[in-house]
Amino acid sequence: MTAEDRTLVMYGDGVRDAARRMLPRLPDACFVPAGTEALRAAVKDGLAQVVLVAGMDGQVAFLAGAGVLESITLDMDGGAGLAAEVAAAPTARDAYALWEAAGRLGPCGRELCRRTAGELERLAAEAAGSAASPVAAQVVLVDAAGERMVGMYGRMAR
């Protein structure tokens with residue numbers, strides 16, 4: 001089995017083309033819309049690697065829980081003022097714009113990717129019924145237009 005056969009690329013709304021450009025060597029069959037069902041199927045099929053390419057909305061969808069963006073802002077030294085603005089932002093895209101305007105998009109974006117990768121691996125472990133994840137997760141944050149990578153975190157498959 002090749003690395004390509006053992007990789008699933010999940011993509012968020014409107015970023016399929018960007019995901020294809022980022023991973024041009026993978027066959028089309030490796031690319032599916034993001035979702036927990038796709039992740040569970042990957043675990044069942046014995047895949048070793050899952051890559052999520054998504055914007056803020058797509059990643060926040062995996063991180064159910066109020067306050068995750070506010071928490072990230074505080075943890076990445078964005079300060080209480082920015083964290084309050086992020087908490088009050090009506091959408092994740094608005095929070096993205098706040099991070100960008102404050103010069104915190106880099107560290108906050110990477111932390112968002114780190115937390116999302118952790119959640120993907122937790123969900124994979126749960127689907128496998130094990131304590132450790134059977135898949136390695138990589139997460140790529142794309143800009144608001146869904147065209148450019150602005151953050152990334154993850155580990156490689158063994």
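**Close-ups of a predicted chain**

**View 1. T7 sits in strand β1, residues 7-11.** Strands here are DSSP runs of E with at least two residues, and helices are H or I runs of at least four, numbered from the N terminus. This is a predicted model, so local features need pLDDT of at least 70 and side-chain atom pairs count only at pLDDT 80 or more, while totals for chains, interfaces and linings use all residues. Residues are numbered from 1 along each chain as its sequence is written, and side-chain values use heavy atoms, with hydrogens and water left out.

**View 2. What surrounds T7?** Setting aside residues up to four places away in sequence, T7 touches L26, C30, L47, Q49 and V51; a contact means heavy atoms within 4.5 Å. T7 counts as buried because its relative accessibility is 12% (buried is under 20% relative accessible area, exposed over 50%, partly exposed in between; 1.4 Å probe, protein chains only).

**View 3. The order of elements along the protein chain.** The protein chain has seven helices and five strands. Read from the N terminus, they go β-α-β-α-β-α-α-α-α-α-β-β.

**View 4. Packing across the protein chain.** Of the 158 residues, 46% are buried. Among contacts with a separation of 6 or more, 59% join residues 24 or more positions apart. The C-alpha trace spans about 50 × 35 × 25 Å along its principal axes.

**View 5. Charged side chains.** There are 16 positive and 20 negative side chains, and the centres of the two sets are 6 Å apart. Lys and Arg count as positive, Asp and Glu as negative, with His and the chain ends not counted; each charge is placed at NZ of Lys, CZ of Arg, CG of Asp or CD of Glu.
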